[in-house]
Amino acid sequence: MKRRIFLKNTTLSALASLIGSKVIFGAHMPKDYIPLAVDQSDPFKLFNKDKGMVILNDRPWNIESQAHLLDPKITPNSAMFVRNNGFVPENITAHNWTLRVDGESALNFKKYTVNELKSKFKIYTYQLTLECGGNGRAEFDPTAKGNQWTIGAVHCASWTGVRLKDVLNDVGLKNDAVYVGYHGIDKHISLDPDKEPISRGFPISKALQKETLIAFNMNGKPIPLIHGFPLRLVAGGWPASASGKWINRLSVRNKIHDGAKMKGTAYRVPCKPVAPGEKVSDEDMCIIESMPVKSIITYPKTGAVIKKGQLLNLRGHAWAGELEVSKVTFSIDFGATWKSCQLETAINRLAWQHFSTTIKFPGIGYYEIWVKAFDNENNSQPMIVPGWNPKGYLNNACHRIAVKVK
Ligand SMILES: Nc1nc2c(c(=O)[nH]1)N[C@H]1C(S)=C(S)[C@@H](COP(=O)(O)O)O[C@H]1N2
Ligand SMILES: [Mo]
């Protein structure tokens, strides 16, 4: 909303209903003044984000979270990173929204309103970890182009919706169905109406997992606009780019979906390791599927100062794509020795797991705490940035924090 348009069309009573309370001294407001409560030029207010989040780009909006903001077990909206490839849609209403399911491998083409989805299919709630494939990109050398995510492009919210598999079952699948592709209504940054900013998806096997949702609620409320209102896919454990926002169409494909950002270097990595900076030909690139094991220390914040003799309670989360986290270890001596943290089981498959431990430091001085997670196939996080790739995906290097004992 532009400032002037806002003022021209807004009376004091309309303003009161917007703010949710009367503006007592409204008559004294200077001409052209925008009350702070409705100032949409402030992205933190606009999207209800914590002031500590970091804006990486505003055209389109890309906003990163911070390790300490991700401390709650279920990520609140205020701490959820935002990733957009195009422009966030405006003026959406849920009541006239439809989701069309089609494609050469769908037995029938069907269209559902949001209410039809809610009444026709059983509703499920899962906590699901979504991590941007480019989380950690900032650390690659040579530099990988794109948003320079550090550690905060991950969240685990509680999502409510219907199972994609139930909807696919209602539509019917032909025997040759291999992939589901999504389409959302966000606009390409060129504003060319024939271009989609992103149109990805996943194989039928992922679509048929019971946790793969067409979601309408997040943390018990309608999904916030920036996170995909009124309908989004949630495919936990996979790069979050598979979880289409603002979806109005799903296509059941007889081949790997060929939508925008399915080819070239987009969300693909060399099938076999390459030297940093090396050119990789198209046919040697593979689509990212399950994300690798990773963890984040959410308490304390790096730079914490601890009193001599005081015990430190450390905590955070670990996740492993489609796998389970089997162990989380920590080191305070730069990796010379490692000890196990306590590790909780996941509340449901594809939700992150919480770890904690109590640390006793041997004396005054500077320490680093390193945390390393293992998955149930015994893969663990590397200490240094793993396999360079052209777009800087899949950096699951160990998170570390600095602390001082004084
Ligand atoms: N329609 C649409 N869906 C999308 C995107 C997008 O730009 N448009 N970005 C994808 C990417 S790359 C990521 S990481 C996640 C981010 O979800 P979030 O903004 O809710 O955190 O949404 C995915 N779904
Ligand atoms: Mo992403």
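The model is predicted, so local features need pLDDT of at least 70 and side-chain atom pairs pLDDT 80 or more, while totals for chains, interfaces and linings use all residues. Residues are numbered from 1 along each chain as its sequence is written, chains are lettered from A and ligands numbered from 1 in the order in which they are written, and side-chain values use heavy atoms, with hydrogens and water left out.

**Ligand 1**

Next I checked polar contacts to the ligand (pairs of N or O atoms within 3.5 Å). A side-chain N or O atom of His227 is 2.7 Å from an oxygen atom of ligand 1, and a polar side-chain atom of His155 is 2.8 Å from an oxygen atom of the ligand. Ser243 uses a backbone N or O atom, 3.0 Å from a nitrogen atom of ligand 1. Is the ligand buried or exposed? Taken alone it exposes 540 Å², and the protein buries 100% of that (Shrake-Rupley method, 1.4 Å probe).

**Disulfide**

How many disulfides are there in the whole structure? My search found 1, taking a disulfide as a pair of cysteine sulfur atoms within 2.5 Å. Cys271 and Cys286 form the bond, with their sulfur atoms 2.1 Å apart. Cys271 lies in the loop between β14 (268-270) and β15 (285-287) and Cys286 in strand β15, so the pair ties together parts 15 residues apart in sequence. Strands are DSSP runs (E, at least two residues), numbered from the N terminus. The S-S torsion is about 100°, so this disulfide is right-handed.

**Backbone**

Most residues other than glycine have a negative phi, and most peptide bonds are trans. I noted the exceptions below.

- Arg59 to Pro60 is a cis peptide bond with omega near -5°; Pro60 is in the loop between β1 (54-58) and β2 (61-64).
- Tyr299 and Pro300 are joined by a cis peptide bond, omega about 0°; Pro300 lies between β16 (294-299) and β17 (304-306), in the loop.
- Trp246 has a positive phi, near 50°, and sits in the loop between β12 (232-234) and β13 (247-253).

Conventions: A polar contact is a pair of N or O atoms within 3.5 Å; within protein, one must be able to donate a hydrogen and the other to accept it, and residues adjacent in sequence count only if both atoms are side-chain atoms. Helices (H or I, at least four residues) and strands (E, at least two) are DSSP runs, numbered from the N terminus.
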